[in-house]
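Let's take a friendly walk through some side chains and see who pairs with whom. Here is the model to look at.

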Amino acid sequence: MKIYSERSLPGHIYGGSEGNLVKNGDPSMFAETGEYRLTVDLAEGTYNLLKIDHLSVVGDVIAAGWGGDEPLEYQANGVWEAQLSLNSGGFLFRLNGDWGYLFKRIVGTQDEIYMESQAGDAGIEIEDISLDAPGDY
């Protein structure tokens, strides 16, 4: 894996290993194939990989409520989907069934989400996602 600071020149190319980035470094290797969430801090020269085993919806909108999960299936290119019959109420997305890895909506947006554990450090205000119209989605 190589990380680019920009989509075009004069961007920098980073590589590295064990969470440390090095400008013009060797590409990083993954321990195993799969889908990952990549967090990069170019100022600190670090990265973090979180393997995503599954992504789900949790909250008032599903039959099991906040105590259950409705899994989404991975399609490709970062797209997860499912056909769900949802109730009205609040919900969020949860990675790997872990309450430490929650995605919530960025306040003031309709379709932008951010990881709860990183929102405060990024100065981003988040909230549970609300659904007012129950139905099949």
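## Rings and charges

Tyr 74 counts as partly exposed, because its relative accessibility is 29% (buried means under 20% relative accessible area, exposed over 50%, partly exposed in between, with a 1.4 Å probe and protein chains only). Keep in mind that this is a predicted model, where local features need pLDDT of at least 70 and side-chain atom pairs count only at pLDDT 80 or more, while totals for chains, interfaces and linings use all residues. Residues are numbered from 1 along each chain as its sequence is written, and side-chain values use heavy atoms, with hydrogens and water left out.

Now for the rings. Rings of Phe, Tyr and Trp (its six-membered ring) pair if their centres lie within 6.5 Å; planes under 30 degrees apart are stacked, over 60 edge-to-face, and the rest tilted. That rule gives two aromatic pairs. The Tyr 74 and Trp 80 ring centres are 4.9 Å apart with planes at 65 degrees, so this pair is edge-to-face. Phe 91 and Phe 93 also make an edge-to-face pair, with 5.8 Å centre to centre and 85 degrees between the planes. Phe 91 is buried at 11% relative accessible area, and Phe 93 is buried at 18%.

On to the charges. Side chains of opposite charge can pair when their charged atoms come close. A salt bridge here is a side-chain nitrogen of Lys or Arg within 4 Å of a carboxyl oxygen of Asp or Glu, and the count comes to six salt bridges. Three of them are listed here, among others:

| Salt bridge | N to O distance |
|---|---|
| Glu 32 and Lys 51 | 3.9 Å |
| Arg 94 and Asp 69 | 2.3 Å |
| Lys 104 and Asp 128 | 3.2 Å |

Salt bridges that share partners also tie Glu 32, Lys 51 and Asp 53 into one network.

Which ring does Arg 94 lie over? Arg 94 sits over the face of Trp 99, at 4.0 Å from the ring centre (the rule: NZ of Lys or CZ of Arg within 6 Å of the ring centre and within 35 degrees of the ring normal).

Is Lys 104 buried or exposed? Lys 104 is buried, with a relative accessible area of 14%. Its side chain also joins that of Glu 116 in a polar contact of 2.9 Å (a pair of N or O atoms within 3.5 Å; within protein, one must be able to donate a hydrogen and the other to accept it, and residues adjacent in sequence count only if both atoms are side-chain atoms).
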